[in-house]
Amino acid sequence: MEQGLRIKTYLTFFYIYPLFGLGLGLKIFTVTTERNNDLLAKQPLMNNLDVMNEFARLEHWSNLCNISQTGHNDFKIVCIIKRNSSIKLSELRTFTYRVSSNIRFDLSVTCEDGIIHFPWSFRANKLHRIYIKDCRIKDYNTEFKNPMIDRIQDTITYLQMDNVITILRMGEVYDSLS
């Protein structure tokens with residue numbers, strides 16, 4: 001065998017199902033024995049400009065936060081949440097899930113009588129550092145017993161909260177008791 005020659009095995013699956021006269025559905029997908037790293041390299045990765053443009057689509061976040069590039073693959077999101085404003089971690093999760101795996105985010109949130117909806121454990125793909133100051137946090141225990149949260153990789157290496165108040169509904173407290 002020549003050096004560098006790799007044999008790949010492909011399996012192609014076809015799903016054909018009639019819909020009782022409503023048409024024919026056809027799905028085709030291919031499974032390969034290639035390593036996941038090879039597959040990731042073939043996916044279109046967001047470049048840094050794409051990250052900035054994608055962030056601009058987050059309506060609440062882009063109105064209350066600024067994003068800047070701090071390193072080759074590192075970005076910092078700085079938010080100031082003023083009265084009657086709020087942001088939701090779930091929206092940031094959707095954004096970070098769509099960016100390429102080599103991107104990392106740091107998040108700094110300062111509130112001026114604002115509220116953030118951040119459930120503990122603050123998990124979001126590629127989120128490495130979180131600093132929260134002077135905020136009221138709602139939905140803190142809402143994901144406590146949600147097994148789906150464990151599917152989000154915990155990438156946080158630094159978490160600091162200063163002068164933070166968590167707002168808990170009695171139902172949340174009751175649900176979080178074992």
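Cys 111 and Cys 135 form a disulfide, with their sulfur atoms 2.0 Å apart; a disulfide here is a pair of cysteine sulfur atoms within 2.5 Å. The torsion about this S-S bond is about 90°, so the disulfide is right-handed. Cys 111 sits in strand β6, residues 104-112, and Cys 135 in the loop between β8 and β9 (136-138), so the link ties together parts that are 24 residues apart in sequence. Helices (H or I, at least four residues) and strands (E, at least two) are DSSP runs, numbered from the N terminus. Cys 111 is buried at 4% relative accessibility, and Cys 135 is buried at 1%. Buried means under 20% relative accessible area, exposed over 50%, and partly exposed in between, with a 1.4 Å probe and protein chains only.

A word on the source. This is a predicted model, in which local features need pLDDT of at least 70 and side-chain atom pairs count only at pLDDT 80 or more, while totals for chains, interfaces and linings use all residues. Residues are numbered from 1 along each chain as its sequence is written, and side-chain values use heavy atoms, with hydrogens and water left out.

The count comes to two disulfides. Cys 65 is joined to Cys 79, S to S 2.0 Å, and this link is right-handed too, with 105° about the S-S bond. Cys 65 belongs to strand β3 (65-69) and Cys 79 to strand β4 (74-82), so the parts tied together are 14 residues apart in sequence. Cys 65 is buried at 4%, and Cys 79 is buried at 1%. Counting bonded cysteines along the chain, the pattern is 1-2, 3-4.

Now the rings. There are eight aromatic pairs. Rings of Phe, Tyr and Trp (its six-membered ring) pair if their centres lie within 6.5 Å; planes under 30 degrees apart count as stacked, over 60 as edge-to-face, and the rest as tilted. Trp 61 and Phe 118 are stacked, at 6.3 Å centre to centre and 25° between the planes. Trp 61 is in helix α3 (59-64) and Phe 118 in the loop between β7 (115-117) and β8 (127-133), so this pair connects parts 57 residues apart in sequence. Trp 61 is buried at 0%, and so is Phe 118, at 0%.

Trp 120 and Phe 122 have ring centres 5.3 Å apart and planes at 75°, so they are edge-to-face. Which of these is partly exposed? Trp 120, at 40%; Phe 122 is buried at 0%. Ring pairs link Trp 61, Phe 118, Trp 120, Phe 122 and Tyr 140 into a cluster.
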